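User: I'm new to this one, could you walk me through it? I'd like to go over a few charged pairs and then a loop residue.

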Amino acid sequence: MTALAMARRETPGILRVLIAGVVLVGLIVLLVGAGVLPARGWGRFTDPATWRFLAQGLAVTALIGGVALVASLALSVPLALGRIGLGTPLRVPLALWIEGVRATPVLAILFIVFFGFPRLGVGLTGIQAAMIGLTVYTSAVLAEIVRAGVLSIPKGEVEAARSLGLSYAVTMRRVVLPQAVSRMAPAIVSQLITLVKDTSLASIIAVQELVGSGRVLFNFYGNPIETLFVIACIYFVICYSLSRLSRRLEARRPAVERLVVIGEEDQVAPAV
Amino acid sequence: MDPIVANLDFLIGGYATTLKLSAGAMALALAIGVLVASVRVWGGRIGSAAGGAYVEFFRNTPLLVQLFFYAVLFAPANLGLSRDPVVVALVGLSVYTGAYVTEVIRSGILSVDQRQSEAARSLGLSQVQTLRRVVLPQAFRTVIPPLGNLSIALVKNTAVASAIGALELLQAGSIVSSRTFRLEPLAGVVVAYLSITIPLAILTGHLERRLRFAR
């Protein structure tokens, strides 16, 4: 058997995670032993108060991510349908908006919302600014996913439904969207990974979410490396679970139905 | 427009840093990607799992946390590592993007039918020749469009470098913005980002269509 054939043969998932875990723990032990990672700061994590403090941060992360997700899902369908739009005047402006937002760094959007809204006389807390900024960005990406999903349904189905007398709205709701949803699911879950990771950017506009509370913690205890590592592990547990879910959803579908959205790192990840 | 015109040199400096950071990180990420993907495919079980651990860990944690980590790690003067935030950001962005590049290249290698390398080997080509003449040229096609996508994502991600004090485009824009109490510099920064990402998106879309037809 060639090496390639060995690589192709699936190693069982649990075994793979186990090996990866052993490698990771071994790496940390090695780095601590070599003196690159300090050994003393870990003691703080035996104190439940440390974890309670991080849990408060995690709750803020979940709140920002949750609100942004729900709002983005709600906005993405009208954005996408408006962009596909049958001769509506909104088509071009919506396309420009979606493409423009997707090509802009999330952090730049957060800054503009955070510093811009007060100029319009609307005071925002950091949390609100993060929710709005992340919604603006994520809704544009989800709109592209919805658009790709809707356009992937054969035209004949729409024509058949329309000629049976169904209105455009009913055709979308009863015929196109139900089929598109299962095609969109893996891409939406992948984008959720990006969203969870991007909530960390809120700490830059002074929000005490997970990273923000971590910074407070390590400035107090003086153990930045250990704290950042623990925080990274918390994100990892959330995002890795989501990526497994996305892969599982993807595996159920034929490869030709894979939706492609440009310029998002977590969308590129192939399901090999 | 005044605050932009008055600080044009400063902003252009930030723009240049963003361009350099993106290009440098993409080059390093490609090198990391080719190396780790080879280990994942030909490195046996342990190599494959170690490569997989790298990919999954760095893809599934926020870039911001990774950059903070390097900033702290590089800080002690006795290690003799660079404390220039741009260099720290370059390392962080390369390692982060490298994880994605690894998966793209690995799937590129695996996309070439195994029987092709078997045929090449039985025709008398060496392992290296098979790789260079048969597998890689075909893998190249699969790999180009997703790499274009990653480069767009990378340009956007360079903005996170401002959080560790790298004077790139967004940082330059927000400094001018807070100094002049105006929003125009930030709007200008967005336009500047679009001037990089939109051409890249058009190029990627173009390559994707061309390479699809070429198959």
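Charged pairs and a loop residue

Analyst: B:Arg115 and B:Asp113 join their side chains in a salt bridge (2.9 Å, N to O), a term that stands for a side-chain nitrogen of Lys or Arg within 4 Å of a carboxyl oxygen of Asp or Glu. This is a predicted model, in which local features need pLDDT of at least 70, side-chain atom pairs count only at pLDDT 80 or more, and totals for chains, interfaces and linings use all residues. Residues are numbered from 1 along each chain as its sequence is written, chains are lettered from A in the order in which they are written, and side-chain values use heavy atoms, with hydrogens and water left out.

User: Is B:Arg115 buried or exposed?

Analyst: B:Arg115 is exposed at a relative accessible area of 60%, while B:Asp113 is partly exposed at 31%; buried means under 20%, exposed over 50% and partly exposed in between, with a 1.4 Å probe and protein chains only.

User: Which residue of chain B meets A:Arg247 in a salt bridge?

Analyst: That residue is B:Glu56, with 3.0 Å from N to O. The pair crosses between chains, from helix α10 (residues 224–251) of chain A to helix α3 (residues 44–59) of chain B, helices being DSSP runs of H or I with at least four residues, numbered from the N terminus. B:Glu56 is buried at 11%, whereas A:Arg247 is partly exposed at 27%.

User: New topic: where is A:Ser152 found?

Analyst: A:Ser152 sits in the loop between α6 (126–151) and α7 (155–163) of chain A, and its relative accessible area of 27% makes A:Ser152 partly exposed.

Technical notes
Helices (H or I, at least four residues) and strands (E, at least two) are DSSP runs, numbered from the N terminus.
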